[in-house]
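Dear colleague,

I am passing on to you the structure below, together with its sequence. Please look it over before reading the notes that accompany it.

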Amino acid sequence: MIQALFLSPVFSPLFSPLFSVVSHGLGPVFSWIFWILFVAGVGWVFWRTIKGREVERRVIFLMMGLTVAGAVLTGIVLPVQETVVVRNIFDTIENLEEGDKVLLSLDYDPSGAPELQPMAIAVSQHCLEKKLKICYMTLWGTGGAMIADVITAIRPDFPELVYGEDYCNVGYRAGNEAVLKVIATDFRKTFPTDVSGIVLDSLPMMTGVTACPDFSYIVAIGSGRPGIKEWVEYVVEPSGALMGSGAAAVSAPQLYPYYPQQMNGMMGGSKGASEYEKMLRRGYPKYGEFRAQATEIMGPQTVAHVFLMLLIIFANISFFLAKKRKGASA
Amino acid sequence: MNRKVMIPIASIIVFIGFLLLKFDFEAVDSSQALWDAFIVTAGGFLTLMIFSFLYRDNPFYKFAEHLYVGVSAAYWMCVGFWSNIVQQAIPHLSPWLSEALDQPFLGYKWDYWIPIAFGLLLLTRLLPDSLKIGWLSKWTLAFIVASTAGLLMTANLKANFISQISSTMSLPLLPDWTGFGDFVSNFDLSYGGQFIKMLSNWVIVVGVISGLVYFFFSKEHTGWFGRVSRLGIWVLMVTFGASFGYTVMGRVSLLVGRLTFLFRDWAGIIS
Amino acid sequence: MKRQIPLALVFIFGWLMLALYFIPLEGAQKVNENMLDWTSIIGIFALALGIWSLITVNLDRIKHKKRDWQYSFITLFGLFGMIIFGLKFGGENSMFQGQESYMFRHFFNDILIPIYSTMFSLLAFFIASAAYRAFRARSALASILLIGAIIVMIRFFPFVAEYTRPVADWILNVPNLAAKRAIWMGVGLGIVATGLKVILGIERAYMGRD
């Protein structure tokens with residue numbers, strides 16, 4: 001009955017702009033239970049806070065955990081707003097010619113994967129839809145596994161891909177900035193072979209690639225050092241290569257000084273990734289909403305932000321009430 | 001039976017229970033199915049072990065933490081060895097070694113012996129003190145420090161200093177005057193008109209200068225200098241606020257990733 | 001001797017790296033690239049040194065039964081397990097295929113990934129707790145911090161985001177850019193100053209005490 005109510009013509013329009021419940025979620029009944037519990041929990045924290053009583057650290061932890069868990073289980077999806085800084089990357093790839101080469105550097109580890117892996121997948125899908133050739137590399141030892149995961153994720157959509165002709169993986173080299181400094185002018189010096197020991201010259205797609213600027217576009221996706229900043233310093237600055245980036249949320253604000261002069265676009269955290277997924281869906285409808293990893297994250301992300309902001313607001317109300325009481329007693 | 005014995009035994013029993021739940025009894029290759037069940041169960045348990053730290057530090061957390069230290073150190077070592085020594089250096093050092101390690105021989109390059117020699121010098125630290133040659137490792141250290149310093153200096157000077165100054169100073173502080181109507185036409189902050197663009201450019205230039213003044217500690221922050229530095233800290237506070245907002249997004253993304261793993265891959269509650 | 005030679009090496013190689021950057025000849029660039037290539041190979045020897053140190057520290061803990069010594073067995077188990085599966089021998093059908101090994105990949109995917117990403121996700125909880133306890137408008141500066149954070153965070157909310165997004169984007173693109181630019185310039189100058197001190201032998205902390 002509740003399900004019918006939720007989906008009824010009266011209530012549906014009320015909720016649909018706010019969020020939609022994804023098929024993988026536990027369904028509307030659970031959603032309602034979750035929202036009731038959420039409101040009750042937040043109400044309790046509010047009551048304790050304005051009364052000036054201590055809310056234990058572990059209670060906040062529990063509430064945070066339940067909030068995100070509930071949102072994951074209900075599978076809510078929220079509308080995403082596009083921004084120019086992400087659109088620039090999409091448009092650059094969109095305007096490349098068939099057969100152009102793109103260098104994708106995945107410089108992150110599993111801790112960055114939830115927000116950065118969707119970017120790598122979406123950019124790869126976009127490049128392959130445009131029939132561009134992708135060369136994967138990484139500056140992080142853990143990046144090799146990330147590249148393997150991305151390739152596994154995109155292969156089913158492009159069964160006709162041929163290794164060495166449509167894409168290749170040169171893998172990892174230790175050396176951080178030193179690697180970038182060298183490949184800016186001589187790609188083969190650092191990467192004489194690909195990840196499995198095949199000489200780069202024997203890969204058809206790498207013909208004519210001697211240095212980074214030979215790639216029509218570089219997309220560096222990274223979560224720390226070495227990462228996007230180092231790409232700008234050691235590749236873009238000296239060689240003038242065209243670059244876009246995907247940054248982990250933590251490092252994204254620090255990279256704004258390089259936009260738009262040194263990198264023409266940037267995806268920041270899961271929001272940036274979800275924007276790219278949205279653009280990809282619009283351009284290529286076969287990428288349905290519910291296959292978009294970052295878009296799935298954005299629902300729980302928003303609920304967690306609501307919770308966090310409520311905590312901040314409660315804490316400040318309590319602070320001002322306490323100040324007022326103190327002022328009155330003095 | 002005391003708790004120290006009970007808890008590990010109970011944990012092993014629960015682990016085996018989950019393992020059996022995940023085990024595909026109809027699989028043709030049962031050893032593969034057992035391994036698949038084991039890795040998913042282990043992944044879930046390790047995730048929960050780390051989460052248990054939220055309650056308090058405990059043996060489960062310590063177990064996962066220590067396992068992580070060992071595995072990650074070895075992982076980096078192995079990946080580095082195969083990538084940089086085997087794939088990068090060996091193909092230029094010896095045809096015999098290249099063949100033994102399944103690598104194509106790409107021709108001799110004598111200079112690759114230099115880093116190998118420096119590397120071996122670094123390892124002299126491991127030799128017994130009685131040999132008194134451990135100090136040779138400092139030669140390698142000197143090389144690494146010197147090359148890194150030289151590399152960082154030039155790149156930082158270009159990308160983080162000169163380029164940033166030129167990007168700031170090239171901003172037009174006055175509009176291309178095409179009439180008052182155009183000047184005040186569009187107040188949308190995203191695609192603003194001339195006035196908004198001019199205002200933004202002024203904020204950037206003043207923000208950069210005042211921010212630099214705040215970091216300049218050779219002069220006391222009093223008088224006009226103090227006021228400019230005060231403005232600098234205000235601009236810095238806005239950016240720290242923005243960074244906080246972004247950090248929240250990043251950390252919640254990770255949490256969502258882990259919980260999705262727990263609910264979908266491990267517990268199988270959602271599809 | 002023990003100190004002079006490393007200092008001389010730093011001076012020579014440091015200036016060489018700087019000079020090579022500015023010499024526009026192809027030969028100079030090749031030498032520069034070679035030197036950088038060497039550092040990445042030397043780095044692996046440094047890693048080996050680190051592994052050795054990890055082993056000795058843990059063996060020492062076990063030997064002297066120091067606090068939580070039992071867990072050192074787990075560290076060593078993880079370490080040697082991963083190293084053994086990272087070896088390559090026994091031909092194509094062997095389970096030891098270097099970094100391509102089935103077990104090596106699974107150690108990474110099923111032990112390293114869960115622990116590593118969960119550890120970082122714990123910060124979400126601590127951020128929530130810290131925001132509740134410390135994020136208060138105690139002063140004008142704290143209020144600015146608070147407002148900046150709220151405007152950036154509010155970008156996620158449907159309905160509201162439509163109106164606040166331009167402000168959030170402006171904050172990121174304008175004041176945030178200005179402050180970060182000031183920080184980067186400071187960092188850039190700091191690195192140049194430290195680099196010069198190292199090359200000239202004024203800064204010697206990297207040499208250790210002996």
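This is a predicted model: local features need pLDDT of at least 70, side-chain atom pairs count only at pLDDT 80 or more; totals for chains, interfaces and linings use all residues.

**Chain A**

Chain A contains 12 helices and eight strands. Its C-alpha trace extends over about 75 × 55 × 30 Å along the principal axes. Of the 330 residues in chain A, 62% are buried. When contacts in this chain between residues at least 6 apart in sequence are considered, 74% of them join residues at least 24 apart.

**Chain C against chain B**

The contact between these two chains draws 111 residues from chain C and 115 residues from chain B. Together they bury about 10,400 Å², with 81% of that area on carbon and sulfur atoms. On the side of chain C, the residues that lose the most area to chain B are C:Trp38, C:Phe45 and C:Met185, which together account for 7% of what that side buries.

Which side chains form the salt bridge here? C:Asp68 and B:Lys62 do, with an N to O distance of 3.4 Å.

Seven helices of chain C give two or more residues each to the side that touches chain B: H1 (4-22), H2 (26-63), H3 (70-85), H4 (102-134), H5 (140-153), H6 (160-173) and H7 (175-199). H4(C) gives the most, with 25 residues. By residue type, this side of chain C divides into 81 nonpolar, 19 polar and 11 charged residues.

**A helix of chain B**

Helix H5 of chain B covers residues 113-122, and its buried residues are B:Pro115, B:Ile116, B:Phe118, B:Gly119 and B:Leu122. Viewed down the axis of H5(B), these buried residues lie within an arc of 165°, and therefore they line one face of the helix. As background, an α-helix has 3.6 residues a turn, so residues three or four places apart point the same way. The cover over the buried residues of H5(B) includes helix H6 (137-169) of chain B, and also H1 and H2 of chain C.

**Chain C against chain A**

Chain C also meets chain A, in a contact that takes 48 residues from chain C and 54 residues from chain A. The two chains bury about 4,800 Å² between them, of which 70% is on carbon and sulfur atoms. Three residues, C:Tyr132, C:Phe156 and C:Trp184, supply 16% of the area that chain C buries against chain A, more than any other three residues.

The count of salt bridges between chain C and chain A is two. One of them pairs A:Asp186 with C:Lys30, whose closest N and O atoms are 3.0 Å apart.

The elements of chain C that give two or more residues to the side touching chain A are H2, H4, H5, H6 and H7. H4(C) gives the most to this side, with 14 residues. The side divides into 27 nonpolar, nine polar and 12 charged residues.

**Backbone features**

Most residues other than glycine have a negative phi, and most peptide bonds are trans. The following places depart from that pattern.

Where do the cis peptide bonds lie? One runs from A:Arg225 to A:Pro226, with omega near -5°. A:Pro226 sits in the loop between strand S6 (217-222) and helix H10 (228-239) of chain A. Another cis peptide bond runs from A:Tyr259 to A:Pro260, with omega near 0°. A:Pro260 belongs to the loop between strand S7 (243-247) and strand S8 (266-268) of chain A.

A:Lys131, which is not a glycine, has a positive phi near 60°. This residue is placed in the loop between helix H6 (113-129) and strand S4 (133-138) of chain A. Is A:Lys131 buried or exposed? Its relative accessibility is 51%, so A:Lys131 counts as exposed.

C:Asp68 also has a positive phi, near 60°. C:Asp68 is located in the loop between H2 and H3 of chain C, and its side chain meets that of B:Lys62 in the salt bridge described above.

With kind regards

Terms used: Residues are numbered from 1 along each chain as its sequence is written. Chains are lettered from A and ligands numbered from 1 in the order in which they are written. Side-chain values use heavy atoms; hydrogens and water are left out. Contact means heavy atoms within 4.5 Å. Buried area is the accessible area (1.4 Å probe) that two parts lose on being put together, summed over both. A salt bridge is a side-chain nitrogen of Lys or Arg within 4 Å of a carboxyl oxygen of Asp or Glu. Helices (H or I, at least four residues) and strands (E, at least two) are DSSP runs, numbered from the N terminus. Ala, Val, Leu, Ile, Met, Phe, Trp, Tyr, Cys and Pro count as nonpolar, Asp, Glu, Lys and Arg as charged, and the others, Gly among them, as polar. Buried means under 20% relative accessible area, exposed over 50%, partly exposed in between (1.4 Å probe, protein chains only). The arc is that of the directions from the helix axis to the C-beta atoms.
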